[in-house]
Amino acid sequence: MWMKNSLSRFVRKHWVGYLMLLPFVIFFVVFMVLPVAVAVCLSFTDYNMFQEMHLVGANNYKLLFLDDRIFLTALGNTFLFAVIVGPVGYLFSFFAAWVLNQLKFRNGFALAFYAPSITSGVAMSVVWTYFFSPDSYGLINNLLLETGIIDTPVLWTQDPTYILPVIIVVSIWMSMGTGFLVFLAGLQNVDKGYYEAAAIDGIQSRYQELKLITLPMMKPQLLFGAITAVTNAFGVFDVAVSIAGFPSPNYAGHTIVAHLYDYAFVRFQMGYASAIATVLFVITFVIGRIIMRALSPKDE
Amino acid sequence: MIKLRFRERDGYVRTVRLSGARMLVYLVLLALVVFISLPLIYLICTAFKPLNELYVFPPQFFVREPTMKNFSDLVLSLSSSSVPFLRYVFNSLFITVLTVGGTVIVSTLGAYSMVKHRPPGSKFLFNLVIATLMFSRYVTQIPRYLVVNSMGLVDSYAALILPNLAVAYNFFLIKQFVEQFPNDLIEAARIDGAGEFRTYWSIVMPSLAPAWSTLMVFSFVSSWNDYFSPLIYLSDQAKKTLPLALNTISGGSSSIGRAGAISAATMLMTIPTVIVFTIMQKKVMETMIYSGIKG
């Protein structure tokens with residue numbers, strides 16, 4: 001009797017909540033959770049789409065870290081890339097959003113900053129091949145030759161020394177998008193009353209206002225921006241391939257996802273590819289957790 | 001010190017004084033905008049370049065004698081195929097509009113319930129969302145294909161729409177915004193006797209305009225530019241979307257001979273996203289004017 005009572009109370013209290021969540025849960029479980037779970041399971045097999053599948057335990061992971069030198073190169077490249085592009089893109093887009101928000105003509109400025117990430121990365125490769133073309137036809141080589149800074153064209157997209165820097169520059173150019181827009185929306189979301197109250201309470205400068213009101217109020221957006229920055233930075237692939245080719249010379253532009261793509265869609269070794277994906281997942285998950293701890297509101 | 005005069009919406013003329021420091025900020029921003037826009041300006045210029053200007057040495061950044069030939073080439077090569085160009089436009093629009101609308105409803109409803117109702121299990125669900133947020137989309141494509149296939153959805157519009165309704169990214173974004181939404185307003189609506197769905201629709205949604213406008217832009221851009229999923233899910237030529245169509249016509253991005261046509265195609269593809277961005281951005285900014293205390 002008591003059980004029945006509390007059950008009906010539970011249903012009465014929460015049914016609306018569950019009903020509202022239901023559409024999301026259905027689609028999310030079917031198209032996200034299920035595939036991810038399958039992928040993790042596959043990482044312990046030798047599934048290759050053609051032959052019968054066997055369980056191989058942690059063998060894929062052992063191969064990955066002990067025998068696969070190209071993977072270690074990819075790991076190093078990806079970390080170097082992420083350490084530079086993540087923070088630079090993040091800080092830059094926040095600063096741009098914060099400054100823009102206080103100016104006239106914000107819509108025009110905002111479009112200019114956001115436009116690069118609207119374009120499709122693959123399509124923009126037309127432009128990059130022109131800018132960084134390794135002969136004197138390339139815009140940048142042409143400019144440097146003409147001003148006498150260099151004597152012979154730099155092999156931007158072929159010389160292993162320059163491949164990663166070029167990828168980094170292009171990625172920073174494209175990285176403004178997501179974070180910038182979320183920060184801008186977040187700044188709109190801060191209750192304007194706080195600024196008035198702060199002005200009465202004697203806040204002196206824009207910097208103080210930023211530190212004491214804007215940043216604490218924007219923690220949710222800052223967190224979102226940080227998580228996407230980490231995921232995007234570690235997921236670098238399209239830009240790297242469209243600039244340096246696939247595979248890139250001496251694997252100088254090889255990234256974790258490029259390695260994954262190689263095994264999944266070129267060699268069809270799905271088990272091994274899933275292991276790479278799982279490693280990538282663990283890396284971003286750990287970093288994401290650290291960031292969440294630092295930026296989460298107190299009650300989380 | 002410079003004085004600028006603006007006519008406000010209500011008809012008043014307002015004078016804005018620009019201090020030296022502020023002007024410096026504008027100048028620096030302007031320089032930055034020019035720098036950021038260079039690749040796009042080049043893209044637009046190339047779209048209008050005649051063939052001889054595409055391969056001139058030394059390379060030219062700007063176009064000298066603009067021509068529409070690249071565009072007419074593009075449309076001509078499209079009209080010769082069995083599927084009319086407008087059909088691709090319709091496919092892209094249809095899929096994108098349904099995806100954007102669906103994801104906004106699904107994400108806002110779910111996030112609102114999770115933050116304000118907190119039914120048991122929400123925290124677990126949210127942790128799952130965070131976890132999948134960090135899983136590379138390339139490897140989930142394989143098992144996802146198996147799921148879509150077993151539902152018999154391959155080669156249908158649904159294969160491109162349904163998997164993109166509950167995106168962890170979108171949900172996370174909206175949830176972050178709902179958390180900032182004051183509980184008082186919801187309480188007030190409840191006391192006034194508004195039902196749950198009414199509260200959501202007429203109290204919460206209007207205030208979340210900056211959030212879902214942002215989400216609409218993201219969703220539109222990713223759905224509109226999506227090349228990978230139509231590639232693996234669609235085989236019927238009449239169902240294909242613009243990115244696929246344009247890619248077939250330009251013969252892959254590596255064919256140098258068609259740089260002009262590719263630029264024209266890229267430009268045409270980018271225009272709708274710019275329009276959507278402009279409209280939505282205005283909406284984000286309007287909510288600020290609405291709350292109207294400070295600029």
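I began with the rule for a contact: two residues are in contact if their C-beta atoms, placed from the backbone, lie within 7 Å. This is a predicted model, in which local features need pLDDT of at least 70 and side-chain atom pairs count only at pLDDT 80 or more, while totals for chains, interfaces and linings use all residues. Residues are numbered from 1 along each chain as its sequence is written, and chains are lettered from A and ligands numbered from 1 in the order in which they are written.

**Entry 1: chain A against chain B**

I looked up the two sides and found 78 residues from chain A and 80 residues from chain B in the contact. Which helix gives the most to the side of chain A that touches chain B? It is helix H1 (residues 2–42) of chain A, with 20 residues. Helices here are DSSP runs (H or I, at least four residues), numbered from the N terminus. By class, I noted 58 nonpolar, 16 polar and four charged residues on that side of chain A. For the classes, Ala, Val, Leu, Ile, Met, Phe, Trp, Tyr, Cys and Pro count as nonpolar, Asp, Glu, Lys and Arg as charged, and the others, Gly among them, as polar.

**Entry 2: domains of chain B**

Next I checked the domain assignment of chain B, which gives domain 1 (2–67) and domain 2 (79–291); such bounds come from an automatic or database assignment. Seven residues from domain 1 of chain B and six residues from domain 2 of chain B make the contact. On the domain 1 side, helix H1 (20–47) and helix H2 (51–54) of chain B each supply at least two residues, and H1(B) gives the most, with four residues. I sorted this side of domain 1 into five nonpolar, one polar and one charged residues.

**Entry 3: a helix pair in chain A**

I then turned to helix H4 (residues 106–118) and helix H8 (residues 176–189) of chain A, whose axes come within 7 Å and cross at roughly 140 degrees. H4(A) is therefore oblique to H8(A). Axes are lines fitted to C-alpha atoms, for helices over the stretch in contact, and angles run from 0 to 180 degrees between N-to-C directions. Angles under 35 degrees count as roughly parallel, over 145 as roughly antiparallel, 65 to 115 as roughly perpendicular and the rest as oblique. Among the residues that meet, I picked out Phe113(A) and Tyr114(A) in H4(A), and Phe180(A) and Leu184(A) in H8(A). This contact divides into eight nonpolar, three polar and no charged residues.
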